[in-house]
Amino acid sequence: MLQRPETIEPTAGAARPRRIVEVDALRGFALCGIFLANVLVMAGLDGQRGGGPHTSGVDQVAYWLVMMFVQTKFYLLFSFLFGYSFTLQMDAAERDGAAFAPRMLRRLLALFVLGLLHAALLYPGDILATYAVLGLVLFATRSADPGRMWRAALRVYGVVAALYLLLGALVALVDTGDDGTPPATLAEQAAAYRGGPGDVIGANIAAWPEVLAGLFLMGGMVVAAFLAGFTAGRRRLLTAAPAAAPDRVARLRRILVVGLAVGLPGGALMAAGTVGPLGARWTVPTFIVGMLTAPALSAAYASGLLLWFTTPRGARLAAKLAPAGRMALTNYLAQSLVMALAFTGYGAALYGRTGAAAALGGALLFYVLQLAASARLMKRHRLGPVERLLRTVTVWGRPAPRVRRER
């Protein structure tokens, strides 16, 4: 491996590079998908076949669409962007003439602490702590060349796929007749989340073993997405030079076509097995097929948006999404806070009392409000509140002052 120097002299007079609008816009888009997936969990609907025992046709359709187009797709897109941003952190340390290792270790530790607090107080399905732990893989392999990282991503995916397919085949051979979580368990969960703050925190912590088991199963996919994003960052695939534009467009079009051809059938099969009409026997096998084809649909989303961003309308969309992506961590935590206020005893205690359509509609409405608030805030500040805190820990100093408006 080529060793990357940890400390260099900063370039005299070097200006801070402009943010990559496309990356911020993709992150803002992923933020919406993460919210739609999480709100079903917070509403007490996730894992219930058909969306729960008391749902309307509209609820079932809404739940089916989320399972097809959203579930497991957006966390992979977020993971890809985490790997891409890792390279931007490396560049920032090099540009500042700072040692990268202590910077990144502080950053990962801060993410881990935030994640634990988030998982205990607001939402047990937190991704921050997971990213902090699995981010150590990127940290340990950061000196590898992009080609080696890409091959590692493919190998990790191959091993994970083989294990998943074996598990799916074994489950398919056994018809358990189980239609979901026992009613008694659902009632206990509902009572806890509708209780006082202590009950909510206790229920969140009690869910950790189940969440950890799920993250263990999905951890390999996250690592593969990290490595793929790191490769894209090292090769500057999202910021190609003008001379490479034709090749970049052709590549993105191929990814879009192949991704849709593979990802859409896999997503439809996942929805059919988890929501219906397939029986409970096929829930796990079809979910596994959906997970294995999810990277294709995630890649199709990213490539399709990157192509659209080159058009006038797409550029306007990117401009609306980018501010939310710039402060994605703040927005992610704000989403969890609002969901906790809506569905737990912290506030309205609507856990298990609302259908999928209402929960998803409320999430989309709040996301639109977040877009507007983010645009307003990013006109006056360079960082969101939590991003500012994270940067302070990362560089072990005060962040740069607010950006002045251009006149």
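This is a predicted model: local features need pLDDT of at least 70, side-chain atom pairs count only at pLDDT 80 or more; totals for chains, interfaces and linings use all residues.

**Stop 1: two helices.** Select residues 328–343, which form helix α13, together with residues 385–395, which form helix α15. Their axes come within 6 Å and cross at roughly 125 degrees. Angles from 65 to 115 degrees count as roughly perpendicular and those over 145 as roughly antiparallel, so α13 is oblique to α15. The crossing of these helices is right-handed.

**Stop 2: where the helices meet.** Display the side chains of Ala 328, Leu 329, Thr 330 and Leu 333 in α13; they meet Pro 385, Val 386, Glu 387 and Leu 390 in α15. Sorted by class, this contact has 6 nonpolar, 1 polar and 1 charged residues.

**Stop 3: the nonpolar core.** Next, select Leu 26, Val 39, Leu 40, Phe 86, Leu 138, Phe 309 and Tyr 332, the residues with the most contacts inside the largest nonpolar core, which has 97 residues. Helix α1 (residues 21–42) gives the most to this core, with 13 residues. A second, separate core has 5 residues, including Ala 190 and Tyr 351.

**Stop 4: Tyr 332.** Centre the view on Tyr 332. Beyond its neighbours within four places in sequence, Tyr 332 is in contact with several residues, among them Leu 31, Ile 34, Asn 38, His 118 and Tyr 123.

**Stop 5: Ser 336.** Finally, select Ser 336, also in helix α13. Is Ser 336 buried or exposed? Ser 336 is buried, because its relative accessible area is 0%. Apart from neighbours within four places in sequence, Ser 336 is in contact with Met 42, His 118, Leu 122 and Tyr 123.

Key
Residues are numbered from 1 along each chain as its sequence is written. Side-chain values use heavy atoms; hydrogens and water are left out. Axes are lines fitted to C-alpha atoms, for helices over the stretch in contact, and angles run from 0 to 180 degrees between N-to-C directions. Helices (H or I, at least four residues) and strands (E, at least two) are DSSP runs, numbered from the N terminus. Angles under 35 degrees count as roughly parallel, over 145 as roughly antiparallel, 65 to 115 as roughly perpendicular and the rest as oblique. A crossing is left-handed if the near helix is turned anticlockwise from the far one by less than a right angle, and right-handed if clockwise. Contact means heavy atoms within 4.5 Å. Ala, Val, Leu, Ile, Met, Phe, Trp, Tyr, Cys and Pro count as nonpolar, Asp, Glu, Lys and Arg as charged, and the others, Gly among them, as polar. A nonpolar core is a set of buried Ala, Val, Leu, Ile, Met, Phe, Trp, Tyr and Cys residues joined through side-chain atoms within 4.5 Å. Buried means under 20% relative accessible area, exposed over 50%, partly exposed in between (1.4 Å probe, protein chains only).
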